[in-house]
Amino acid sequence: MALLFSARYEDSERWHQALVAELGDLDFRLWTPDGANIGDPADIEFVLAWGPKKGAFKEFPNLKAIFCLGAGVDHLIGRDLPDGVPVVRLVDPGLTRGMREYVIYWTLHYHRRFKEYADSAAAGEWRQLPQADTRKRRVGILGLGVLGADAAAHLCALEFDVAGWSRSAKALDGIESFHGTDGLAAFLARTEILVNLLPLTPETTGIINAENLSQLPKGAVVINAARGPHVVDDDLIRALDDGHIAAATLDVFHTEPLPADHPFWAHPKINITPHAASLTVQETAAVAIADNIRRIRAGEPPAPIVDPETGY
Ligand code: NAP
Ligand code: GLV
């Protein structure tokens, strides 16, 4: 039985080696655009994918699982997936660590006003700014799942005043929990640094829009490390230009790479990173994928399985 790889071909050998290191010998096949390397479709037991073409999975009668190469599955869902075959999200301590670092870095950047210090230094100016009280800095995380809960816990350990918003209510030590559509306004009203770690679903698309931005306090900042379509780009630009939102860090975009003529690039209040908040590292991700392959072979369900109803 074989595992079929369908993502960036330049990464395939590193994935192959990382999985062999975990599982021993492995029939690893590349899903090239012409399908020439698939061999007998009945051999394919697992697919490792980012976003293959619609309906393409139907040709594998013995498929046991589709492993997504990232935490977000928006690029897989809606691809006419075969009934009854689990789609498994990537939950990997390496990915979680990377996101934690990104969120902490940008939270501290805004909290401690490091851009202003950098601007002063560039101008040869010695200027101390008032020191804000960390315990009074209100950080709000949209999404309290694997990544959001981890970032929240670490911000809490730094003594920020942290809240999170999710679909279901949470009881997390030291973190104020808001949930559901009814809880969003109160969550936004208390949030000075907004971090987005939601999955992209029909419910969350466009959530960073004019109405929700207007509910943040004046001078709030936005850090979007989830997906580009969470943001209504024109609404964000308007909120930055009218001064209601002080700054934004954007890692993800409607179109990636971000087109050269997109106004985000030149906007003085926007920091851009190239969908690099947390990259999948083959060697740590392979441990999680191999563990799930072993579970399936032992007759146990893999985890976490995407719920087709909610889309995450
Ligand atoms: P996760 O464990 O599935 O967590 C999702 C969270 O969002 C959960 O708390 C969930 O609420 C909440 N949620 C979902 N729909 C909601 C809604 N309609 N209203 C309120 N809350 C809602 O996902 P994760 O592993 O933390 O990953 C989050 C996202 O990060 C991924 O989907 C991906 O898009 C993004 N990501 C980006 C990068 C990057 O480099 N930029 C890297 C990795 C991941 P419940 O807990 O109540 O279900
Ligand atoms: C990256 O964006 C991921 O979803 O893991």
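The C-alpha centres of domain 1 and domain 2 lie 32 Å apart. The model is a predicted one. Domain 1 covers residues 2-92 together with 280-297, and domain 2 covers 93-272. Where they meet, eleven residues of domain 1 are in contact with nine residues of domain 2.

Start with the sheet of five strands. Its order is β2-β1-β3-β4-β5, it is open, and the pairing is parallel. The edges are taken by β2 (27-30) and β5 (87-88); each has a single partner strand, so one side of each is left without a neighbour in the sheet. Strands in a sheet are held as pairs by backbone hydrogen bonds, and such pairs are either parallel or antiparallel. One pair here is β4 (residues 65-68) with β5, joined in the parallel sense over two bridges. Isoleucine 66 has valine 87 in β5 as its bridge partner. Helix α1 (residues 12-23) lies across β1 (2-6), β2 and β3 (44-49), and runs at about 165° to β2.

The other sheet has seven strands. It is open too, with parallel pairing and the order β8-β7-β6-β9-β10-β11-β12. Its edge strands, β8 (176-179) and β12 (270-272), each pair on one side only. If direction is ignored, neighbouring strands of this sheet are turned by 15° against each other on average.

Within this sheet, β6 (residues 138-142) and β7 (residues 161-166) pair in the parallel sense over five bridges. Arginine 138 has aspartate 161 in β7 as its bridge partner, and valine 139 stands opposite valine 162 in β7. Helix α4 (residues 146-157) packs on the sheet and touches both β6 and β7, its direction making about 170° with that of β6. Helix α7 (residues 233-241) also packs on the sheet, but touches β11 (245-250) and β12; its direction makes about 140° with that of β11. How much of β6 is covered? Four of the five residues of β6 are buried, which leaves the strand mostly covered.

Next come the side chains. In soluble globular proteins, nonpolar side chains tend to be buried together. The largest nonpolar core in this model has 46 residues, and those touching the most other members are Leu48, Phe67, Leu197 and Ile289. Helix α2 (residues 93-111) gives the largest share of this core, seven residues.

Leaving aside residues up to four places away in sequence, isoleucine 289 touches Trp15, Leu19, Leu48, Phe67, Leu69 and Leu90. There is also a second, separate core of 27 residues, among them Leu198, Val231, Leu240 and Leu258.

Last, consider the cysteines. A disulfide is a covalent bond between the sulfur atoms of two cysteines. Counting pairs of cysteine sulfur atoms within 2.5 Å gives zero disulfides. Are cysteine 68 and cysteine 156 buried or partly exposed? Buried means under 20% relative accessible area. Cysteine 68 has 1% relative accessibility and therefore counts as buried, whereas cysteine 156, with a relative accessible area of 21%, is partly exposed.

Definitions and conventions: Residues are numbered from 1 along each chain as its sequence is written. Chains are lettered from A and ligands numbered from 1 in the order in which they are written. This is a predicted model: local features need pLDDT of at least 70, side-chain atom pairs count only at pLDDT 80 or more; totals for chains, interfaces and linings use all residues. Side-chain values use heavy atoms; hydrogens and water are left out. Two strands pair if DSSP finds at least two bridges between them. Contact means heavy atoms within 4.5 Å. Axes are lines fitted to C-alpha atoms, for helices over the stretch in contact, and angles run from 0 to 180 degrees between N-to-C directions. Buried means under 20% relative accessible area, exposed over 50%, partly exposed in between (1.4 Å probe, protein chains only). A nonpolar core is a set of buried Ala, Val, Leu, Ile, Met, Phe, Trp, Tyr and Cys residues joined through side-chain atoms within 4.5 Å. Domain bounds come from an automatic or database domain assignment.
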